[in-house]
Amino acid sequence: MKTKVSFTLIIIFALLVLTAAPFAGMIKVPLSVLKNIDLATTEAQVFYQIRLPRVFTAFLAGAALACCGVALQAMFRNPLATPFTLGISSGAAFGAAICVIFAAYLPIPYGNIWFSFAGALAAVLLVYGLTKIKKGFSADTMLLAGIAVNFFFSSLILFLQYISDFTQSFRIIHWLMGSIDVTGYRTPVTMLIFTVIGIAVIVIQRLNLNLMSISDEIAIARGVDVKNARKIIFFATSIMVAAVVAYCGPIGFVGLMAPHICRLLVGPDHKILTPASIIFGGAFLTLCDTIARTLIAPAEMPVGVITALLGGPFFVWLLLKDSGKSIP
Amino acid sequence: MNDQKAIEIAELSFAISGKQILERICFAVFAGQRLFIVGPNGAGKTTLLRCVSRIITNYQGSIKVKDRNLRTYSQKSLAKILTYVPQSLGADIPFTVRQFVLMSRYPHLSPFSVISPEDEKIACDAMEMTQTVCFADRVMATLSGGERQQVSIAAALAQQAEIFLLDEPATYLDYKHQRDIHNLLAKINKTYGTTIVCVTHDLNSAVLSAEAIIAIKEGKIFFEGVPEKIMNEEILEEIYSKKFCFAEHPLTGQKIVVPDVIE
């Protein structure tokens with residue numbers, strides 16, 4: 001009962017954010033833009049060409065990151081597992097940075113996504129390999145492996161910046177902060193395709209996530225092909241992180257906060273937790289982005305700054321909260 | 001009990017980083033049989049169960065479940081026939097007992113179907129039989145070890161598998177819970193004809209409830225036969241490298257081992 005009420009509240013929260021966000025900002029947009037879509041007016045231009053695509057992009061990015069967080073936390077049985085803490089984001093960022101520099105020589109459609117994807121996959125396999133050597137996914141091992149992978153890819157990105165020219169370097173830095181900077185619908189539509197694929201795959205795995213969050217033995221006893229499920233989850237999270245990072249940069253902490261807040265609200269069952277986190281994550285990042293572009297208007301902050309400001313303390317709270325009980 | 005073989009193991013060997021854990025194990029379990037596996041620590045008992053439940057897959061030799069090679073089953077189709085009850089569930093499972101038992105219905109669901117009232121009924125019956133209904137809505141993490149083990153068996157029951165593989169289900173439990181678990185297994189065996197393969201350290205409970213016993217030492221089968229036969233001074237001394245004292249059970253007259261005197 002409580003679960004249903006909480007889930008409804010999450011949906012209401014998301015709807016409120018999504019309707020309010022496109023109207024927030026420096027330029028006042030009257031409600032009449034909804035009735036007559038006349039792109040000749042500045043207001044309609046702002047509303048349809050700048051704000052709506054931006055809201056869509058933010059929602060998709062947040063939803064994808066939250067979905068990755070839910071899946072990784074269940075699979076690694078670790079409350080701190082997210083694309084950001086495991087270094088998947090920096091792997092993807094490295095891939096995308098390569099693409100920024102060598103884009104001229106690489107005439108591949110959606111090159112940035114494919115490069116991000118390769119980077120993300122490399123990071124995920126590296127972390128998984130490192131934890132497997134030490135046997136078991138203890139919180140410390142996983143975080144250390146994540147930090148190591150993060151450092152590794154961060155230094156590779158620094159190296160790329162060093163060899164790149166000034167404009168490229170500036171682009172990389174701006175984008176590394178994590179910002180949602182889009183006009184038009186090309187970006188949101190591309191992201192939509194990749195995000196929908198990733199989310200669909202994870203949602204189909206929801207029952208397996210429940211079992212894997214208990215133990216591999218139980219999952220196997222209940223008929224989960226664990227090795228196969230892991231591969232599928234690695235693939236799905238990598239493709240989602242790649243799509244987000246390629247366009248918005250490595251935005252941190254959404255994948256950490258959304259699943260935890262939702263777990264408090266709707267409980268641990270992934271049948272509900274997964275959709276709840278996806279919706280909440282999307283709405284949450286949209287809200288953060290709206291704050292980022294209105295707080296110091298006419299200037300804008302990268303949304304990554306806001307999420308990190310909220311996420312840092314949240315991360316510490318999680319660490320302290322879990323230090324009481326041991327994580328097997 | 002009939003002559004149909006539930007599990008047939010031939011020449012099963014398993015080594016990990018050069019160490020031979022199991023060596024050319026051969027035995028069969030008949031459908032509906034209660035088989036107990038005993039042996040010293042590190043003999044390979046748990047590894048054996050883990051091979052049959054396919055947690056370990058890189059073994060050598062052949063394992064057949066219901067006359068079909070284990071490797072040809074999909075994990076899901078295997079879960080409808082055979083289930084594994086680990087020694088202990090994690091202590092921090094955030095699900096309620098009911099949620100956990102319902103998860104045993106997953107092998108019977110497709111990725112798009114939902115838990116049906118029939119599934120709920122099966123889970124309820126399983127909790128009824130294992131006397132776990134009274135704490136069905138408690139979170140698993142708040143249960144005692146004994147209660148958790150009962151839930152573990154309730155879950156295996158809700159899975160409706162014909163074969164249960166249990167790894168020391170009663171170890172670490174107090175006397176009452178030990179008795180409850182062994183009675184429960186016997187009851188399940190009688191009611192549904194479930195094949196029970198149970199690893200244990202407790203020779204007495206093995207002798208009192210098994211139809212057949214296998215003893216493993218250093219990865220090899222050392223003894224195979226009816227329970228009365230294993231209660232033999234030389235055989236047990238050979239298996240456990242220590243002397244045993246015996247007594248007669250006052251109610252059944254069966255030969256049992258008694259605890260050692262502490263010097």
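1. Let's start with where the two chains meet. In this predicted model, chain B and chain A bury about 2100 Å² between them, and 64% of that area sits on carbon and sulfur atoms. If you wonder why area is quoted here, the size of an interface is often given as the accessible area lost when the parts come together.

2. Who takes part? The contact draws 30 residues from chain B and 21 residues from chain A. On the chain B side, the residues that lose the most area to chain A are B:Q75, B:F95 and B:Y106, which together make up 27% of what that side buries. Those three are a handy place to begin if you are looking at the interface on screen.

3. Now the polar side of the story. Ten residue pairs are in polar contact across the interface of chain B and chain A, with both partners at pLDDT 80 or more. The rule also finds one salt bridge across it. A:E217 forms a salt bridge with B:R50, and their closest N and O atoms are 2.3 Å apart.

4. Which elements of chain B give two or more residues to the side that touches chain A? They are α2 (75-79), β6 (82-85), α3 (97-102) and α5 (145-158). By residue type, that side of chain B divides into 18 nonpolar, eight polar and four charged residues.

5. On to chain A by itself. Chain A has 13 helices and zero strands, so its pattern along the sequence reads as one α after another: α-α-α-α-α-α-α-α-α-α-α-α-α. Its radius of gyration is 20 Å, close to the 20 Å that the globule rule gives for 328 residues, so chain A is as compact as a globular protein of that length.

6. Take the contacts between residues at least 6 apart in sequence: 76% of them join residues at least 24 apart.

7. B:E11 has a phi near 55°, a positive value in a residue other than glycine, and B:E11 lies in strand β1 (residues 5-16). Phi of B:R54 is near 70°, again positive in a residue other than glycine, and B:R54 lies in the loop between α1 (45-52) and β4 (60-65).

8. Are those two residues buried or exposed? B:E11 is partly exposed, with a relative accessible area of 39%. B:R54 has a relative accessible area of 13%, which is under 20%, so B:R54 counts as buried.

Terms used: Residues are numbered from 1 along each chain as its sequence is written. Chains are lettered from A and ligands numbered from 1 in the order in which they are written. This is a predicted model: local features need pLDDT of at least 70, side-chain atom pairs count only at pLDDT 80 or more; totals for chains, interfaces and linings use all residues. Side-chain values use heavy atoms; hydrogens and water are left out. Helices (H or I, at least four residues) and strands (E, at least two) are DSSP runs, numbered from the N terminus. Buried means under 20% relative accessible area, exposed over 50%, partly exposed in between (1.4 Å probe, protein chains only). Contact means heavy atoms within 4.5 Å. Buried area is the accessible area (1.4 Å probe) that two parts lose on being put together, summed over both. A salt bridge is a side-chain nitrogen of Lys or Arg within 4 Å of a carboxyl oxygen of Asp or Glu. A polar contact is a pair of N or O atoms within 3.5 Å; within protein, one must be able to donate a hydrogen and the other to accept it, and residues adjacent in sequence count only if both atoms are side-chain atoms. Ala, Val, Leu, Ile, Met, Phe, Trp, Tyr, Cys and Pro count as nonpolar, Asp, Glu, Lys and Arg as charged, and the others, Gly among them, as polar. The radius of gyration is taken over C-alpha atoms; the globule rule is 2.2 Å times the number of residues to the power 0.38.
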